2 protein chains.
Amino acid sequence: MERLTKNKAPVATKERILDAAEELFAERGFRETSLRDITSRAGVNLAAVNYHFQSKDALIQAVFARRIGPINDARLAMLDEFEARAGGGAVPLEDVLRAFLEPVVEDEKAVPPSFRRLFGRAYVEPGDLFTKIVQQHFGQARVRFAAALQRALPDEPLVDLLWKVNFTIGAMAHTLAGSPERVRAISGGVVESVDMESAVERLIAFVAAGFRAPSRVRPAGKADA
Amino acid sequence: MERLTKNKAPVATKERILDAAEELFAERGFRETSLRDITSRAGVNLAAVNYHFQSKDALIQAVFARRIGPINDARLAMLDEFEARAGGGAVPLEDVLRAFLEPVVEDEKAVPPSFRRLFGRAYVEPGDLFTKIVQQHFGQARVRFAAALQRALPDEPLVDLLWKVNFTIGAMAHTLAGSPERVRAISGGVVESVDMESAVERLIAFVAAGFRAPSRVRPAGKADA
DNA sequence: GTCTATATGGGGATAGAC
DNA sequence: GTCTATCCCCATATAGAC
């Protein structure tokens, strides 16, 4: 009975720390954000971080864990649906890519913009913590998608396929890490309004063509044209 | 006369700081690397950093400045050569991409592996310092390459082109930031040996196909197939 | 130009009262 | 669960002797 009224906002504190951390990490980076920054934005006490989480590293992991589960669920659900629709046949390449990309890139309530930027940055961030995060959370869907890709492109050697997956992840990560501004920036001011909604369709079209292309420009001996 | 014998290693110190900083930044990140780490690896005194450079931020900028000049020179020289060869006509898409990518991705004495990783990370790193670095150094070649791309793909609307450039930079950056390990990682241990030499040819082939593809999968109204 | 020594600040984490 | 106060470490940067 006393347990029901014990705290003013039982869940709120932990969530608010996660929200504030997510935003600040996205804006400034992980190391550049202090726990004091986080707690002051969240409106909670400094010591609350080490009470609810054990360390700053654990907080960072929690920030990722909260979002990536649902994202991977959405990915696999979409892939399931496409595979059911294909009825035993291979899922078309574009659909495999869509299942992989749309749940992250598309604007949804489940994935706030701040986290999208973090997601893109996780791949490139140095340090054991992030390689661990990527392996833990991002590796889950890997097996399913690798298999789906191989079925969509049965003639593609595995190594070639993996390089292309690598390029795809790079394009995706860079897009997530902050594309509207960057497209504007590289235009040198020529393009003013950039719609992020088209990003997924553009990305799918771009990488799908890359997947279908021969893997190298020059055969192997590097003879000049 | 005394000026000739004044110091044991006149140029060495500054260069050794740059070398050590470049390596450590690539391994651990910028904020994660202390000046003490750098000076101890370089075998110089801590105070030497603030003597030769003024601050850590200035050192970071110097690390980039030292390499990017030559890289952009190589890019533009290669583009010049292709344009001369084209003799007034448009440079083929693959060659434009090669001039942009090969000087960075290809293994050369001018671009050590450690800096390649930094190069890839500069785009995604948060903070004003890095947006400034990218604008200063990376924006130089931008105008020339944008023009060459537009001539290679005259029917492509500018916005579409810029999105594709963005995807290309993402794939490039991700490749530079550490691909051999990552291709191995996403293979789940299936692929053991990955040759980095093929990276440029693979990358060019991949993105060239993307550039030639229609910009979107679905027209615009987002009607389902 | 190079060193020692130190100033100065901020960081993560914790002890212990409430 | 939440707060205050504080410990302790490590960071960048500089002053001043050599």
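This is a predicted model: local features need pLDDT of at least 70, side-chain atom pairs count only at pLDDT 80 or more; totals for chains, interfaces and linings use all residues.
**Entry 1: the interface**

I began with the contact between the two chains. On the chain A side, 61 residues touch chain B, and 61 residues of chain B take part in return. I then looked up the buried area, which comes to about 5500 Å² between chain A and chain B. Carbon and sulfur atoms give 65% of that area. Within chain A, the residues that lose the most area to chain B are A:Trp163, A:Arg202 and A:Phe206. Together these three make up 16% of what the chain A side buries.

**Entry 2**

How many salt bridges does the rule find across the interface of chain A and chain B? I noted two. I looked up a salt bridge between the side chains of A:Asp160 and B:Arg202, with 3.0 Å from N to O. For polar contacts between chain A and chain B, the count is four residue pairs, both residues at pLDDT 80 or more.

Next I asked which helices of chain A supply the side that touches chain B. H2 (12-28), H6 (93-105), H10 (158-176), H11 (179-186) and H12 each supply at least two residues of that side. The largest share, 15 residues, comes from H10(A).

**Entry 3: an aromatic pair between chains**

I turned to the rings and recorded 22 aromatic pairs over all chains. I picked out the pair of A:Phe206 and B:Phe211, which is edge-to-face. The rings are 6.1 Å apart, centre to centre, with 75 degrees between the planes. This pair crosses between chains, and both partners lie in a helix H12 (residues 199-212), A:Phe206 in that of chain A and B:Phe211 in that of chain B.

**Entry 4: rings within one chain**

In chain A I found one aromatic cluster formed by A:Phe25, A:Phe30, A:Phe64, A:Phe115, A:Phe119, A:Tyr123 and A:Phe130.

I also looked for charges placed over rings. In chain A, the charged end of A:Lys14 sits over the ring of A:Phe53, 5.7 Å from the ring centre.

Conventions
Residues are numbered from 1 along each chain as its sequence is written. Chains are lettered from A and ligands numbered from 1 in the order in which they are written. Side-chain values use heavy atoms; hydrogens and water are left out. Rings of Phe, Tyr and Trp (its six-membered ring) pair if their centres lie within 6.5 Å; planes under 30 degrees apart count as stacked, over 60 as edge-to-face and the rest as tilted. Helices (H or I, at least four residues) and strands (E, at least two) are DSSP runs, numbered from the N terminus. A charge sits over a ring if NZ of Lys or CZ of Arg is within 6 Å of the ring centre and within 35 degrees of the ring normal. Contact means heavy atoms within 4.5 Å. Buried area is the accessible area (1.4 Å probe) that two parts lose on being put together, summed over both. A salt bridge is a side-chain nitrogen of Lys or Arg within 4 Å of a carboxyl oxygen of Asp or Glu. A polar contact is a pair of N or O atoms within 3.5 Å; within protein, one must be able to donate a hydrogen and the other to accept it, and residues adjacent in sequence count only if both atoms are side-chain atoms.
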